[in-house]
Amino acid sequence: MGQRLVITVRHFGQDLAKIYYHWSAYTYSALHETKKVIDCIYNHEDESERELQLRLIRFCEENGGGIKGDTSEFECIEKMYPNEVFKTENYSRSYGLIALSEKGMNDLQMWSEGDVEIDLDEETVHFGVYGWYEHLDHYNEE
């Protein structure tokens, strides 16, 4: 399995956000990152989609990540949240780059080598990141 993980958060049949993690598309690290995103989503009261998206941006920033690294995504998010100030430097793709625009999410998805989808409507997680083991016993040992 590759190293680039993309976690998609879906609601009302649409992608709300995609978060890209470099060096995380291995089974254990992908589970770890997915659990952190799920905790971010579910450890708060129900909010609007826009509030959830802002919370996911703040989640990435607090963990060392930020908004996907091109000007168009940053400008799109600034228009969505004109009264907010976002991290513009000192963030790492290893700690989560987030995109909310269709173009930004498509760009992140293009790099994915492992995918996780968190579906808020169905309250399910579709986990598509698995390491390779020669025998089931080896997997169980890990």
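The sulfur of C76 lies 15 Å from the closest cysteine sulfur, which belongs to C60, and this is too far for a bond. A disulfide here is a pair of cysteine sulfur atoms within 2.5 Å. C76 is partly exposed, at 26% relative accessibility; buried means under 20% relative accessible area, exposed over 50%, and partly exposed in between, with a 1.4 Å probe and protein chains only.

This is a predicted model, in which local features need pLDDT of at least 70 and side-chain atom pairs count only at pLDDT 80 or more, while totals for chains, interfaces and linings use all residues. Residues are numbered from 1 along each chain as its sequence is written, and side-chain values use heavy atoms, leaving out hydrogens and water.

C60 is buried, with a relative accessible area of 1%. The closest cysteine sulfur to that of C60 is in C40, at 8.1 Å, too far for a bond. Across the whole structure, zero disulfides are found.

C40 also takes part in a helix contact. K36, V37, C40 and I41 in α1 meet L52, R55, L56 and F59 in α2, contact meaning heavy atoms within 4.5 Å. These residues divide into six nonpolar, no polar and two charged (nonpolar: Ala, Val, Leu, Ile, Met, Phe, Trp, Tyr, Cys and Pro; charged: Asp, Glu, Lys and Arg; polar: the others, Gly among them).

Helix α1 covers residues 27-42 and helix α2 residues 49-62; their axes come within 10 Å and cross at roughly 135°. The two helices are therefore oblique to each other, since angles under 35 degrees count as roughly parallel, over 145 as roughly antiparallel, 65 to 115 as roughly perpendicular and the rest as oblique. Axes are lines fitted to C-alpha atoms, for helices over the stretch in contact, and angles run from 0 to 180 degrees between N-to-C directions. Helices (H or I, at least four residues) are DSSP runs, numbered from the N terminus.
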